[in-house]
Amino acid sequence: MPVVITGLGVVSSIGTGAAEFRAALLQGRCGCALREFPRLAGNSVHAPAYVSVAAEPHGLIEPRKLRRMFRIVRMAAVCARQALQMAGIDPSTVPPHRIGIVFGTAFGALEVTQKFIDSWIDNGQRHASPLNFMNSVHGILASQIALDIHATGLNLTISQRDISFEAALAHGAAALEAGQVDVCLVGGADELTPLLHEVAARSLYASLDAADAAGLDPLARRGTTVPGDGAAVFVLQRQGRALAHLAGVRLGRHDHGGPDLARELLQNEAAAGVDLVTNNRDGHLRSARVHQRREAVVGPGVSHRGNFGTWPTAGALQFAANALMLAHGEYYAPLAAGKPQPMRTAPRAILHDAASSSGVHAAYVLTANEQ
Amino acid sequence: MTASHPSRAVAITGLGVISAVGRGVASMDAALAAGRDGLGPLSLWDTDLAGEFPVGQYRGDLDADLAEVGLAPTRRSLARMSRSDKLALVACAEACAHAGLSPAALNRLGAGAFVGQSVCGTLASEAQYQRARAGHTSRRGMGAMFTHEGANTQDQLARHFHLGGPTLGFMTACSSGANAIGLAAARVAAGQCEVMLAGGADSLSRIAVYGFHSLQVVSPEGPRPFDANRKGMSVGEGAGFVVLEALAHARQRGATPLALLTGYGHSCDAHHLTAPHPQGAGAIAAMRGALAMAGLEPRDIGYINAHGTATLDNDRTEALAIASVFAQAPVPVSSVKRFFGHTLAAAGAIEAVVCARALQTETLPQNLGLQTPLPEAALDLVRSPRHAPGLRHVLSNSFGFGGNNAALLFSATEAAWNPS
């Protein structure tokens with residue numbers, strides 16, 4: 001049974017909404033900038049990062065609901081409403097139990113989790129904040145979206161490092177194929193908090209080099225990279241005015257000799273004609289090592305993380321870029337350290353190969369409408 | 001919400017559990033039979049609250065347990081493991097040994113692991129955060145905060161059991177373990193693999209203990225599920241794992257099917273972040289979904305393992321939901337939360353092990369802590385271990401924050417080809 005993408009919403013460092021995001025990719029805009037990050041010791045540092053612009057609700061979400069949403073939830077909820085709007089779906093006209101929500105997030109609601117811990121450190125163990133506790137669970141993104149649009153169907157949150165979004169995509173598509181839901185919102189979101197940046201910098205992952213404000217180079221092999229944050233949500237349906245078709249998605253691991261997921265996909269007739277490979281390469285040495293091996297199998301790939309940054313669920317933004325390239329017959333030349341890579345012809349079918357040094361692996365194929 | 005009908009029968013061929021009542025299925029069986037709970041004072045860290053309410057803490061030596069189950073991690077790898085990781089590894093090792101599946105066999109079969117999680121490695125990361133706030137921000141210490149991620153557990157499982165299939169963490173709060181099992185079974189049923197490891201794991205942590213205390217749902221006397229005078233829950237920790245296997249594959253290799261997973265239903269209340277729907281609408285949908293997937297009627301069910309946290313809201317709405325679905329066919333009900341405490345994401349998985357054992361032994365576990373049944377619904381609450389000859393089908397409920405509801409339906413092994 002086919003699965004199509006009929007709407008998408010994006011909150012990123014290069015724009016909010018599909019139109020802004022697409023324009024930024026077409027123009028080769030880079031979302032990286034020097035940002036100030038407070039440190040636990042009381043000082044602060046300036047470091048390069050791709051921090052998402054404010055997720056403005058623009059009348060999408062009622063103010064009374066917004067008051068209960070922390071930053072990452074607001075990002076996800078705004079994306080969900082944008083995606084539904086693009087798909088032309090008023091959720092109140094769909095039976096609530098036929099709407100599913102599947103979200104991927106590696107770190108969940110970090111900001112509010114930290115606030116909750118602060119509440120008992122600062123006020124004592126008997127005075128921890130119940131509001132912050134109930135908002136700190138990983139499933140808060142999917143739950144808050146369900147509350148916003150009153151969706152009582154499948155509601156899942158999946159966390160598995162760099163393939164958290166792709167795992168959500170696979171389970172959302174499977175629910176549609178199995179007829180469990182008619183509309184499935186699939187998304188990915190993570191937030192870059194000052195604490196996460198401090199941990200990433202102390203672990204020699206996040207760059208503190210001001211020169212990197214030009215943007216990360218996905219093709220580099222360095223000891224650090226430039227982190228970011230953002231969210232994207234997609235409306236999946238079995239039929240509708242499609243931006244692109246999901247021809248297949250696979251999940252697994254590449255570290256224990258399992259089947260090669262990308263090869264499995266490419267043997268599928270629906271995935272014929274792949275003419276572009278994208279991946280999650282982010283310029284870090286560990287990422288480069290993994291993708292050197294993967295590219296020997298699937299061919300050279302491109303990554304748009306130089307445009308919008310890197311974080312575990314940045315694959316959701318790559319999925320948005322891929323869907324938009326196919327929907328509009330365009331190719332977005334990815335950035336490497338702020339410089340555009342060579343232009344190519346617009347793709348008709350895209351294989352995305354997501355792999356990380358932790359061993360997790362996911363692959364999907366998206367095709368253009370007339371494929 | 002009804003999950004799709006499975007195309008292949010899915011058997012449980014291995015069980016593993018660790019909880020406040022001890023390590024292993026035998027320890028759990030003994031505690032359930034004796035009516036002995038594992039609740040006691042919190043001793044994992046110093047807290048002013050330790051003496052005010054009991055918790056379901058595992059009292060054994062997890063490092064020694066890892067060695068005893070044959071995993072024998074190095075000091076270096078131990079340093080990278082959270083308490084949740086260790087609980088998961090110990091329970092998973094028992095389940096795999098029970099199923100007769102070595103890491104080499106699991107690798108050959110392309111097995112993966114779906115794990116329900118909520119607290120994950122926060123016991124270590126929250127402690128490091130406190131140290132960091134006090135000025136201790138060494139590189140090694142700050143790096144330890146990455147154990148916050150639940151993915152550590154799946155990576156540890158993959159490393160120790162040589163898993164080449166997908167390893168994913170499902171985070172739907174206290175229904176996580178049940179959802180992980182239901183979704184892993186769907187993968188086996190759809191023919192995507194022959195074997196999946198599935199379960200849930202959570203350790204005690206300050207976030208969980210102070211958090212539930214802040215919501216004023218922790219009982220000073222321990223949980224008394226479905227009691228009219230219940231005062232709340234006890235936070236617990238543990239892990240439960242099952243080996244899910246295509247029934248035909250299990251038979252082919254001579255493994256013993258312990259029970260079948262025949263139904264899975266899930267729903268979302270979309271009502272409130274923590275409070276359940278007042279009439280139990282989501283719980284009703286999940287139970288009906290599981291029944292529909294199994295092709296069964298309420299009268300076919302011989303036992304319900306309730307979520308039964310002993311909070312005022314949960315037990316009232318769950319009782320109403322059960323009474324609604326089973327209005328024409330009252331069925332024995334019990335909650336085992338008094339034995340283990342509420343083990344959060346592990347609860348649905350530990351209770352899957354309880355249900356599989358109930359089918360095997362034809363014995364229903366008691367609703368420990370019950371004195372006066374709640375007045376809102378007349379349930380057949382199991383007051384002492386009850387022999388149930390011919391028990392065929394049992395239902396297990398799990399509900400979580402965000403209105404996440406899941407119900408699993410387990411059947412005796414002969415039920416697959418001779419449905420009642």
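The structure is a predicted model, in which local features need pLDDT of at least 70, side-chain atom pairs count only at pLDDT 80 or more, and totals for chains, interfaces and linings use all residues. Residues are numbered from 1 along each chain as its sequence is written, and chains are lettered from A and ligands numbered from 1 in the order in which they are written.

Chain B contains 15 helices and 14 strands; helices (H or I, at least four residues) and strands (E, at least two) are DSSP runs, numbered from the N terminus. Its radius of gyration is 20 Å, close to the 22 Å given by the globule rule for 420 residues, so chain B is as compact as a globular protein of that length. The radius of gyration is taken over C-alpha atoms, and the globule rule is 2.2 Å times the number of residues to the power 0.38. Along the principal axes, the C-alpha atoms of chain B fill a box of roughly 65 × 50 × 40 Å. Of the 420 residues of chain B, 67% are buried; a residue is buried if 20 or more other C-beta atoms lie within 10 Å of its own, exposed if 12 or fewer, and partly exposed in between, with C-beta atoms placed from the backbone. Among contacts in chain B between residues at least 6 apart in sequence, 80% join residues at least 24 apart. Two residues are in contact if their C-beta atoms, placed from the backbone, lie within 7 Å.

Strand S6 of chain B (residues 238–246) is mostly covered, with 9 of its 9 residues buried. B:Gly238, B:Gly240, B:Val242, B:Leu244 and B:Ala246 point one way from S6(B), whereas B:Ala239, B:Phe241, B:Val243 and B:Glu245 point the other way. S6(B) runs antiparallel to strand S1 of chain B (residues 10–19), to which 8 bridges join it; two strands pair if DSSP finds at least two bridges between them. Within this pairing, B:Val243 of S6(B) stands opposite B:Gly14. Strand S5 of chain B (residues 195–202) is likewise antiparallel to S6(B) and joined to it by 8 bridges, with B:Ala198 and B:Val242 as bridge partners.

Elsewhere in chain B, the axes of helix H9 (residues 176–189) and helix H15 (residues 347–361) come within 5 Å and cross at roughly 65°. Axes are lines fitted to C-alpha atoms, for helices over the stretch in contact, and angles run from 0 to 180 degrees between N-to-C directions. H9(B) contributes B:Ser176, B:Gly177, B:Ala178, B:Ala180 and B:Ile181 to the contact, and H15(B) contributes B:Ala347, B:Gly348, B:Ala349 and B:Ala352. By class, these comprise 6 nonpolar, 3 polar and no charged residues. Ala, Val, Leu, Ile, Met, Phe, Trp, Tyr, Cys and Pro count as nonpolar, Asp, Glu, Lys and Arg as charged, and the others, Gly among them, as polar.

The contact between the chains takes 54 residues from chain A and 58 residues from chain B. On chain A, at least two residues each come from H4, H5, helix H6 (140–149), strand S6 (155–159), H8 and strand S9 (244–253). S6(A) supplies the largest share of this side, 5 residues. The chain A side divides into 27 nonpolar, 23 polar and 4 charged residues. S6(A) also pairs with strand S4 of chain B (residues 167–170) in the antiparallel sense over 2 bridges, and A:Ser159 has B:Gly169 of S4(B) as its bridge partner.

Helix H4 of chain A (residues 110–123) has 14 residues, which at 1.5 Å a residue should span 20 Å, in agreement with the 20 Å between its end C-alpha atoms. The expected span is 1.5 Å times one less than the number of residues. Buried residues of H4(A) include A:Phe116, A:Ile117 and A:Trp120. The buried residues pack against H3 (71–87), H5 (130–134) and H8 (194–202) of chain A, together with H6 (122–133) and H10 (206–214) of chain B. A:Gly124, which follows H4(A), has a positive phi near 100°.

Helix H8(A) has 7 of its 9 residues buried, so it is largely enclosed by the rest of the structure. Its buried residues pack against S3, strand S4 (44–49) and H4 of chain A and against helix H7 (139–143) of chain B. Just after H8(A), A:Leu204 takes a positive phi of about 60°. A:Pro38 lies in strand S3 of chain A (residues 33–38) and is partly exposed, with 14 other C-beta atoms within 10 Å. Leaving aside neighbours within four places in sequence, A:Pro38 is in contact with A:Ser44 and A:Pro194.
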